[in-house]
Amino acid sequence: QVQLVESGGGLVQAGGSLRLSCAASGVTFNINTMRWYRQAPGKQRELVAVSGGGGRTDYADSVKGRFTISRVNAKNTVYLQMNSLKPEDTAVYYCNVPAQFLLPATYWGQGTQVTVSS
């Protein structure tokens with residue numbers, strides 16, 4: 001079992017920055033890939049950023065150059081630094097650990113609200 005707890009959401013003006021954190025606990029030594037998703041009202045949940053093995057990262061086109069995913073393995077924590085925020089970034093952001101080698105289940109955090117005002 002893996003538990004994920006997000007923090008760092010809030011209200012920010014357009015052009016501002018926020019940093020989200022996701023702390024994993026439980027059986028964490030098998031975790032290789034961690035992801036951030038978001039879901040805006042009335043829209044499907046979308047993948048925002050991926051942190052994989054070997055320092056690999058990947059981003060949705062809509063956030064490239066503005067968001068940065070990073071992690072501190074010793075703390076079992078992944079971060080999402082969000083700069084130059086836009087109103088369309090408003091969503092609930094979720095941390096995700098997908099099923100992967102030696103970890104057959106998918107885990108989600110409870111989500112943290114990010115609201116960007118214009």
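Analyst: Let's start with a working rule: two strands count as paired if DSSP finds at least two bridges between them. Keep in mind that this model is predicted.

User: How do you know that S7 and S8 pair, and in which sense?

Analyst: The two strands share six bridges in the antiparallel sense. The cut-off is at least two, so S7 and S8 count as a pair. One of these contacts links serine 70 to its bridge partner in S8, tyrosine 79. S7 and S8 form a hairpin, with four residues between them. In that turn, asparagine 76 has a positive phi of about 50 degrees.

User: What makes S1 and S7 edge strands?

Analyst: The open sheet runs in the order S1-S3-S8-S7, with antiparallel pairing. Strand S1 (2-7) and strand S7 (67-72) each have a single partner strand, so one side of each has no neighbour in the sheet.

User: How do you know that cysteine 22 and cysteine 95 form a disulfide?

Analyst: Their sulfur atoms are 2.1 Å apart. The cut-off is within 2.5 Å, so the pair qualifies.

User: Why is this disulfide called left-handed?

Analyst: The torsion about the S-S bond is about -80 degrees, and therefore the disulfide is left-handed.

User: Is cysteine 22 buried or exposed, and what about cysteine 95?

Analyst: Buried means under 20% relative accessible area. Cysteine 22 has 0%, so it is buried. Cysteine 95 also has 0%, so cysteine 95 counts as buried.

How values were computed. Residues numbered from 1 in each chain as written. Predicted model: local features only at pLDDT ≥ 70, side-chain atom pairs only at ≥ 80, totals over all residues. Heavy atoms only, no water. Buried < 20%, exposed > 50% of the residue type's maximum accessible area, 1.4 Å probe, protein only.
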